[in-house]
Structures are given as C-alpha cells and as structure tokens.
Amino acid sequence: MASGYLLNRGALALGLHCQRACRNITVTQVRGKKRWMKAYTFLMARKLKLEGPPPPKPRSQLPNWDYQAEVQAFSTRLDENFSLQLLKTAFVNPCYLQVEQERRQGLGVDSELTALVLKDNIQLSAKGADFTKTFLTDWCRASFPSLPSEGVQGIVGHLTSLAVVTNVARNLGIYDLTMSAAYPVPDDVLHSTFMAVIGALQESSGPERTGFFLRDFLVSQLLGKDLFDMWTVVNPMGLLMEELSKRNVDLPEPRLIRSAGASTILSLYFVGLYSNKKLLAQGPGETLIAAEEEAARVALRKLYGYTENHRPFDFSPQQQHQQPPLIQSVSSN
C-alpha cells in the first residue's frame with residue numbers, strides 16, 4: 001500500500017511539472033515549401049526558356065479597363081478641353097479599321113447590319129502635323145533670330161522626329177489608348193496618333209491653347225540638347241567665315257593656344273580663333289583640325305545665341321502671357 005501511495009505521489013508531481021513546463025513553451029507554425037513546388041518551378045522555367053515569354057497584350061484586353069473613362073481621364077489629366085468625339089477619332093488609325101473589317105468578314109457577319117461607326121484620324125493627323133511644324137518654325141525664329149533657315153529646319157526636324165514624338169506620346173499615355181492593328185504599336189502609328197491628338201486639340205480649344213501644349217511637351221525636349229546634334233554642319237569653319245562676312249567682321253585666324261601629350265596617343269590641343277586681335281572662341285580636340293572645327297562650332301553657337309548658358313526658355317503658365325505675338329502670328333497664318 002505504501003508503494004502505491006508513493007507511485008501516485010510521483011505521478012502527480014510529474015504531471016504538475018509537465019503542466020508548468022508546457023506553460024512556458026510557445027508553439028509557432030512553420031510553413032515550408034511543398035514537395036511538388038521544386039519540380040513545378042523547374043518545369044515552368046524550362047518552358048519559359050524554350051518557348052520564350054508570352055506575347056504582350058494590349059491594356060484593353062486586361063481586366064479593369066473602361067475605354068470611355070480612360071479617354072475622359074486623358075483629357076482631364078492633361079488639363080485640356082478636348083472634344084470627346086474628336087479625341088476618340090484621334091486614337092483610331094486606318095490600319096485598325098481595315099483589320100477589324102477583315103475580321104468581321106471572316107466571321108461571316110453582315111457588313112450592312114454591323115457596320116463600323118468609326119472614322120480614322122488621317123485628316124486630324126495631317127492637320128496636327130502642319131500646325132506643329134508651323135508653330136515650331138515660328139517659335140525657333142522668334143527665339144533664335146540669328147539662326148539660319150537650315151538650323152531652324154534641323155531643330156524642327158529633331159522635335160518632330162519619331163524618337164522624340166513617340167517618347168512624349170508614351171509618357172503622356174497615348175500608347176495605351178491607340179487603336180492599332182499591330183501590338184506593340186509601331187512608332188509611325190504612334191507618331192501619327194500624336195499628331196492627330198494635336199489636330200483634335202486645335203479644333204477643340206483653338207490654336208493658342210495648342211501652341212502652349214506644344215511648347216510644354218515638345219519644345220521642352222530641347223533642354224540639354226546641343227545645336228549641332230540636331231543640325232549637321234559638315235564644314236563649320238566655312239560657315240563661320242560666311243557668317244562673319246555677312247556681319248562685316250574680319251575673317252577668323254586659328255592659333256594654337258596650348259597642347260598636352262603631343263607625342264602620345266592621348267594628345268590634346270586647344271585652338272583659338274582670333275578676329276581683329278580679339279579671341280572669338282576656343283575649342284579642344286585630339287588633332288589640330290578637330291580642335292579648329294570645335295572652336296568654329298563654339299563661335300557659331302555664340303553668334304546664333306544657342307550656347308550652354310543661354311537665356312532659359314519661357315515656360316511660364318498661360319495666364320502670365322498678356323500679349324502672345326507668336327501664337328497670334330501662327331493663328332493668323
């Protein structure tokens with residue numbers, strides 16, 4: 001009986017000890033990766049390597065897309081008063097209409113009953129391109145009156161090029177709204193769509209508001225650009241002599257100012273151009289000819305007023321323009 005009593009007391013003590021010990025233990029759940037995950041991930045990576053990434057889908061084919069709301073949001077986001085009907089027309093390209101018509105014919109749909117009530121943007125694109133070139137040409141001539149017509153054409157050609165216009169169009173959100181037959185949207189289609197948006201804005205808000213739009217989004221692309229990156233001059237020294245002759249200034253005389261490492265492969269020369277014993281400009285180069293051409297380019301930038309430290313462009317808000325003569329001249333033309 002004594003042994004049973006001792007056994008019961010030992011079991012009771014062990015139970016109390018286990019109960020106290022379990023109170024101090026915190027059980028945390030650990031989620032490990034499933035066994036099938038490794039094989040599945042390996043197969044998906046191998047499939048991606050063999051087949052390549054999936055083709056991109058237009059934003060209109062993804063969930064949560066409302067075309068009407070997106071068009072209205074585009075107009076509000078730019079703070080412009082677009083006509084919604086014109087803006088929708090500006091996004092419709094003729095290639096999209098052609099492919100959509102062929103697709104309906106392939107499905108056997110009656111063309112008379114389900115006719116496409118859409119109009120392409122050819123007229124708006126042509127109108128917008130003409131206005132853009134006219135405005136940019138007048139702006140360049142007003143901002144740089146000494147710049148010759150070849151330089152003005154170079155700047156306008158740069159601002160209306162495919163690279164610049166498509167970059168601006170993508171950043172404005174025109175890419176996702178463009179209705180095109182091919183996706184990704186080709187650069188030429190995106191370029192014509194942007195010009196159509198300009199044409200729609202001109203018909204909706206007038207030439208003055210459209211000029212400010214072009215100033216804010218296209219002219220601003222000149223920041224940080226060099227003049228001769230946009231205008232290719234084969235013989236800068238000859239052009240400088242012509243400009244100085246028109247101004248009745250003595251012809252420039254190149255002189256070596258300083259040099260370093262002339263006998264090494266890292267030679268450097270500084271050539272200065274003097275006219276009537278006055279230093280016009282100086283430029284560096286790896287050879288004497290290259291330094292002379294660079295000095296001529298520096299002198300031309302000074303003559304045309306397109307230097308690195310030239311006066312900043314006027315991007316003030318529209319309300320601060322009391323008399324915009326440039327916009328009035330464009331609208332009158």
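I began with helix H14 (residues 288-304), which lies across S1, S2 and S3 and runs at about 130° to S3; contact here means heavy atoms within 4.5 Å, and the angle, on a scale from 0 to 180 degrees, is taken between N-to-C directions of axes fitted to C-alpha atoms, for helices over the stretch in contact. Helices (H or I, at least four residues) and strands (E, at least two) are DSSP runs, numbered from the N terminus.

I noted that the model is predicted, with local features needing pLDDT of at least 70 and side-chain atom pairs counting only at pLDDT 80 or more, while totals for chains, interfaces and linings use all residues. Residues are numbered from 1 along each chain as its sequence is written, and side-chain values use heavy atoms, leaving out hydrogens and water.

I then looked up the sheet: three strands in the order S1-S2-S3 form an open, antiparallel arrangement, where pairing requires at least two DSSP bridges between two strands. Strands S1 (253-260) and S3 (278-285) are the edges, each pairing on one side only. S1 and S2 (residues 268-275) pair over seven bridges, and Ala260 has Leu268 in S2 as its bridge partner.

Next I checked charges over rings (NZ of Lys or CZ of Arg within 6 Å of the ring centre and within 35 degrees of the ring normal). I found the charged end of Arg255 over the ring of Tyr274, 5.1 Å from its centre, and Arg258 over the face of Phe270, at 4.3 Å from the ring centre.
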